[in-house]
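User: I am new to reading protein structures. Please take me through this one in short steps.

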Amino acid sequence: MDTPRPADTPPHTVTVTVPRAHALKQTPPPHSFPERTFVYQLGAAENPLAPGAIRDGFVQFVGAPARLPFLRHLTVLAKIVAISAADAKKTGTLSIGVVVRMELFTGKGRKAEFQSFVKVEVDGTVLGESEKTALDTSHNCFNYEYSCSFQCSRDPQAIAELARKLLIVTVMDFLPEEKKAEVRSSVLGQAVLDLLPVLQGRTSLSRRVALGSGASRGALGSGAVLSTSPETSPKALTPSLDVEVDVSEALVSAEALSSCNLLRVTLETAFSVPESWTLSSGSSHTAALEVPVTAERNQLLVFGAGAVRAGGAPEPDGRQKKRPFLPQLLPENTFVPGAFIRSESIQNEDGELTSEEDRYFREEAETKKNRVRWDVEMCCFLNGDATDRLRGTITKCRLWPVELMSTVSDKMSEENPETSSHGVAFVDMGPLLFPGATRIRGASCVQPFSSKLLSDKAKRSVSVLKERAKGAAAARCSSAAPGSKKATGRKGSARRVFSESRTYVLLELSLEKPLIPKISPEELSRRLKALVPPKAPPPEGPSKAERAVQNFHVQVAELLSCVCEQVEALYGAERSLSHVKREQLRAEVMGGLSACGTYSAVKEQLKLAVVRMVRHKMQRTHSINHPRQLQDFVNKLYVDLVEEMHVALYKIDADEEDVTEDFHLSQAQLRDFAKEAQCVGDYELALQYYQELLVRNPSDPQNKCDLGSHYMLSGHFMKARECFHDAVATDPAHQASLVMCGVLAAMLERHSDAHTFLEQAAALQSFGVEAWTLRGLLHQSQEEDILCERAFLEAKKLLKVKENPKLMQKSTEKSTEKSTEKSTEKSTEKSTEKSTEKSTEKSTEKSTEKSTEKSTEKSTEKSTEKSTEKSTEKSTEKSTEKSTEVVTHAAPPPAEHQQESNKENPNSSHKKHEAEEQKILNRPSIYTETVSFLLQNGALQLAERALAQELLSSGGHTVVYLLHRARLHLHKEDYCSALASLEEALEHNDENAEAWALKGHCQFLQRSFSAAQESYECSLSIQPPPHEPGLVLLRLGRICQQQGQFERAKVLHLQACERSPSCLTWLGLGVACYRLGELSLAESALTEANHLNNQNPEVWIHLAFVYLQSDRIKEAEQFYEYAQRFKLQNAALLREYTHMQDHARFSSLARCFEGAAP
């Protein structure tokens, strides 16, 4: 309803218009009512709006328990329009029209003189009241038409205040004359309207809210009862609320709205509060937080009226958030519609007390100890300047103070001045600067307030609560000036109270838009394509030129088969043709082909194939007239045809011959052989394996990534970069290649490219820990502390999921089930509460509190039993050295059981403690995971930086750190430093198989074979075995062969063949069998080794040894030639072969002379 502003109304006025109502069962149009106008003049310092929580266009109407049963249909239409275009541009005047239609059904005791009216108020200021409307006896109902208007400045401060105000419409009951002495009027119902949509740029809004009605006996008369006719059934008695909001011009323009933001602050509960907070019944508990709302001003958010709750049960999940306290609101209107507090896992919180050591303390505090609950949400509208100021304030100082104060009344404070206390908690706002972050929630520890602490941590010098209470405290301070020593006592007692109770508060802050926008996946993929253009997909089939060449090869094959058939027909299949001359053979074959007509048929087919070759491959479609050009073209055509004919003939020969045995090896075998060659140090052989993998499957990005990693290990970084870029071009989602592209870009100091590669890799899951950790290291090198912290936090979350994904899935499933169950229960409870009678507000609150406390006590008794069992099992696996101080909060086992167990096994506790320490020392971290990835791919520079970060985070030399440092020194061929690290690791844990294996490798490479043998044997005797047991067995078997322990070498190489069969393992087994004289076993083992790699010269020379021992000298000499061809460089083996060859020749001569002698 658009209501024009009267001409004689002064500026900054609120106009209230109340038309005469006419109510029917069907709502009449609002423009058909006559109007009556009231004018309300605002003072200069008067604020027209009251503070309140904001919800997007949501209006709540609540009827009083004694009046709600008589509501038949209630409709509130709120129209917000500008009075005039000029005033709207200057002051942003708002006109609010409220249309209330209410229908009552009465019984026999209803009196005709009963009257009611409507009151509209904002921020405690009553804008006006409608006329008292009498009961329409013909329709048994009341009808209202009411409109009002008020002005709002376009100043940023006024707009920010408008976001926190509530428009309250109250329907009042005017009692008859005999009841005026008691109460003149009572509340029938109340509607609350949030004005946030006006600030969010919306010019029209329409809402319909269903309102439940009670079924209790009314208070409008002793005989007033609800009608039992079908028209007054409970379904028909449910009132509804229609809201229509129209704005002629938005208060905030669309351009300005794009930079605005909305900050919601929710103060939930303070746990483990001091006992002094709960002893006195007259104490009040207040919290305050100061936030910027404009470019220059801050807004103090005061959370008052904290309710003390006794311990014994956890806080119920799904509690509804409350609006800030306003005395004119009905109790039901204090809740924020659609806003609930959900319980979350401690691991997912952003604040303090999130470690596993603090988890037991928090479980006890949130279950058994007293607490103070607020559950209040406040909203702040931030324009573009305020948003920039918020971002800059967090950048300068991440810690924001939240002050808590418990005060008592004047009488109690005079008797016991130590009951009041003042604390401060510091909330880390840094996570709000993470890209895409819009919410933080967590616990913050409360510390005793001091100006020095506030200045050191938050860089502030003024207490907002003390400044707020300065006026009230000035009188008490002046009267208590001589007793200033008592104040120091209070500070000391408060400091002791907070340190002993370990109070902490849960706080949630959420933003509508992130302060730092996150890069969209589309933009990220565009940047990646700019760095590495994707390869065009391969064609679906061969091209025309390829098909022409294939057809020519087929015709050549058919021609060859025809010639072979004719030769067999002329000379027979088994007859030798060596005596036949070439010219004679050609003439006879051509004559035979011409006689049977085969020559002409094959010629025509071959002619068509040549024509296709000319058209599609040589791209010749027109005739050539110039003789010289024609001759050149014919020469080129002849050369091409001869080459393609040779290719076709070679294909035929290859098809007839047996396929070489190398192609029987699978890709997994080739990859394993390449890694084994890298471990042994044969990089040339490893390169051959990786190249063969790439030739077999060039479209597999993993083959290109493996080749790039090999180039990284060998120091060819540019070739490695080409391989990784080629892998990303083939598959943009190949995460390992993306990570290595980022590593190489960081090594080349191309930081923007490195961020693009690593951010794309972090979006995937398989190597997410490594990608996020490398991003953190890159941000750390650029001194971007907040982004560095965010990257490390994301890496730690992914590592937890990687370690136990089943537990994470179960916890999420349980949390979702509990939340859905509790939400359904609460929704049913609310519906039943609205449909049932309400005697008094206090009785319903008490009953619901008792029921929830009983239900939560029963549920917590069961849940605590299960949680304690699971927590004790996990604590033995994931406890740290510092956890002993916090574990004391949990109940220890009885002393009798401890004494009995100690008597039975006195060393059991010591062994358990040592086992726990070893698990802690062997626990992986995000840095060690990244170091292992980088070492596998040859990025030694970044691996060293990650190791340095691991040293800083762990606070000392852990076993995992020492092992990775030893691997790094091994890659650098610094064996002395690697041995020093391994010896230190073995001092921490002498039962680590991997440490013994690495020590053996260092000693083997230093050619200390006896010491390496001891280390290898220690490694194989410990469980679990090392990561690469095949290499340990291979090198230990070689040491045994050098020492002449061939039986032991045979067993070790046989075990190596069972674990990871390769050319080297079979070679070791064959050599051991040969030295033992088992020639048949040696021949079979060496043949298997040759089958896996026919280019190993040692395999050929040992086969020659076996054949010489078997008097097969010709085969042995041929094997020796193969060994020479593959560059055998072992001088000892060459000397042994010459000696054996001479001995075999002399022995054969001796046998010849013995046979020739008479």
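User: Which residues have the most contacts inside the largest nonpolar core?
Analyst: This is a predicted model, where local features need pLDDT of at least 70, side-chain atom pairs count only at pLDDT 80 or more, and totals for chains, interfaces and linings use all residues. Residues are numbered from 1 along each chain as its sequence is written, and side-chain values use heavy atoms, leaving out hydrogens and water. A nonpolar core is a set of buried Ala, Val, Leu, Ile, Met, Phe, Trp, Tyr and Cys residues joined through side-chain atoms within 4.5 Å; buried means under 20% relative accessible area, with a 1.4 Å probe and protein chains only. The largest one holds 104 residues, and the most contacts inside it belong to Phe 724, Val 739, Val 743, Leu 774 and Leu 934.

User: What does Val 739 contact beyond its neighbours within four places in sequence?
Analyst: Contact means heavy atoms within 4.5 Å. With those neighbours set aside, the partners of Val 739 are Leu 758, Ala 761, Ala 771, Leu 774 and Phe 933.

User: Is Gly 1000 buried or exposed?
Analyst: Gly 1000 sits in helix 35, residues 993-1005; a helix is a DSSP run of H or I, at least four residues, numbered from the N terminus. Its relative accessibility is 0%, so Gly 1000 counts as buried.

User: How far apart are the C-alpha atoms of Gly 1000 and Ala 1011?
Analyst: Leaving out residues up to four places away in sequence, Gly 1000 touches Ala 1012, Ser 1015 and Tyr 1016. Ala 1011 is eleven residues from Gly 1000 along the chain, and their C-alpha atoms are separated by 7.3 Å.

Key. Buried < 20%, exposed > 50% of the residue type's maximum accessible area, 1.4 Å probe, protein only. Helix = DSSP H or I, 4+ residues; strand = E, 2+ residues; numbered from the N terminus.
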